[in-house]
Amino acid sequence: MIEMAKTMKYVWFLPALVCVSIACPSRQESNTRAASPVASATVAKAEWSYGGETGPEHWGDLSPSYVLAKTGRQQSPVDIVASRAIRKDLAALNARYDATSLEILNNGHTVEVDYHGRGVIAVDGREYELAQFHFHSPSEHTIDGEHAPMELHLVHTDAGGHLAVIGVLIREGRPHPELALLWRHLPAAPFRKEAVEGVQVDASNLLPGSLASYRYSGSLTTPPCSEGVSWFVLQAPIEASAGQIAAFREVIHGNNRPIQPLNGRTITASR
Ligand SMILES: [Zn+2]
């Protein structure tokens, strides 16, 4: 604890972070830094969770701004049936991430790491900047009906506000060095953001060797479940040790939205 305190430049316990988590929940999948005060006011009481009366089956009724959670036809996550994915020679997904100073937040729904203009992906002639990444356990997407123990979401936005999310499934295996670094600073208490002095995080270390992906059009997996999100679920997983997975689950007790129907959407797969 003492050692941790020394490494922290500052720690916030401000109500503003309650806004990030509860009043501005869309920001979990988008950008925590650009919340509109108007939007915050309109959804200020729409607290949501992963179980009980504010759980996923009720999200669409918690606030008018969450209505897509029940009426949307292009929702995420989905089950990816590998044999049904349409194989195509898709343009390569090109990710250029640089290291950035570590800012890590437990927002009550996930553990999130902010990125500060230090990462870009280019796909289909569009560039998206990495805003943040965060984790789910178990995985939200399934492959052939199977959950992985965890899933990483790298959330990107382009100049027009379009979202592109890279999903990386995390299976149990060897300890992951980048997660080891992050987990040393895992904020156990919610609404706590730590800027860790002298520690750099590099999202490129969290990508598998191949960026071959399953692609489809979906939504945020947290309220307001907005659609128009370009999803890239990587075909190759990364690994984390059983201990690393357990350490995350001690802090976040189950944060996966159930699988949503495809409703005729197709999933393409890059070769
Ligand atoms: Zn997510």
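Two residues are in contact here if their C-beta atoms, placed from the backbone, lie within 7 Å. With that in hand, welcome to a tour of close-up views. This is a predicted model, in which local features need pLDDT of at least 70 and side-chain atom pairs count only at pLDDT 80 or more, while totals for chains, interfaces and linings use all residues. Residues are numbered from 1 along each chain as its sequence is written.

**View 1. Ile170 and what it touches.**
Ile170 has its place in strand 12. Helices (H or I, at least four residues) and strands (E, at least two) are DSSP runs, numbered from the N terminus. Which residues does Ile170 touch, not counting those up to four places away in sequence? They are Ala148, Pro149, Met150, Glu151, Leu152, Pro237, Ile238, Glu239 and Ala240. A residue is called buried if 20 or more other C-beta atoms lie within 10 Å of its own, exposed if 12 or fewer, and partly exposed in between, with C-beta atoms placed from the backbone. Ile170 is buried because 26 other C-beta atoms lie within 10 Å. Look also for Pro208: Ile170 and Pro208 are 38 residues apart in sequence and 9.9 Å apart in space, C-alpha to C-alpha.

**View 2. The largest nonpolar core.**
A nonpolar core is a set of buried Ala, Val, Leu, Ile, Met, Phe, Trp, Tyr and Cys residues joined through C-beta atoms within 7 Å. The largest one here has 56 residues, and Leu154, Val165, Val168, Ile170 and Ala203 have the most contacts inside it. Which strand gives the most to this core? Strand 12 (residues 163-172) does, with seven residues.

Helix 7 spans residues 242-251, and its residues Gln244, Ile245 and Phe248 are buried. Why are these three on the same side of helix 7? They cover an arc of only 100 degrees around the axis, which puts them there; the arc is that of the directions from the helix axis to the C-beta atoms. On the face turned away from the buried side you will find the exposed residues Ala242, Gly243, Ala246 and Glu250. The cover over the buried residues of helix 7 includes strand 6 (111-114), strand 8 (126-136) and strand 11 (150-157). Strand 12, helix 6 (177-183) and strand 16 (238-240) are also included in that cover.

Two strands pair if DSSP finds at least two bridges between them. Strand 2 and strand 9 (residues 142-143) pair in the parallel sense over two bridges. Across this pairing, Asp79 stands opposite Thr142 in strand 9.

**View 3. Strand 14 and its partners.**
Is strand 14 (residues 213-219) largely enclosed or largely exposed? Six of its seven residues are buried, so strand 14 is largely enclosed by the rest of the structure. Strand 14 pairs with strand 15 (residues 227-234) in the antiparallel sense over seven bridges. Strand 14 also pairs with strand 17 (residues 268-270), again antiparallel, over two bridges.

**View 4. Backbone details in the loops.**
The peptide bond from Ser76 to Pro77 is cis, with omega near 5 degrees, and Pro77 lies in the loop between helix 5 (68-71) and strand 2. Another cis peptide bond joins Ser137 and Pro138, where omega is about -5 degrees; Pro138 is in the loop between strand 8 and strand 9. Asp144, in the loop between strand 9 and strand 10, has a positive phi near 50 degrees although it is a residue other than glycine. Asp144 is exposed, with 10 other C-beta atoms within 10 Å. Cys225 has a positive phi of about 55 degrees and is not a glycine either. Cys225 sits in the loop between strand 14 and strand 15, and counts as buried with 29 C-beta neighbours inside 10 Å.

**View 5. Confidence along the chain.**
pLDDT is the predictor's confidence in each residue, from 0 to 100. The chain averages a pLDDT of 86, and 83% of the residues score at least 70. Over residues 1-44 the pLDDT is below 50, and this stretch has 68 contacts in the model beyond near neighbours in sequence. Where pLDDT is low, the predicted coordinates should not be read in detail.
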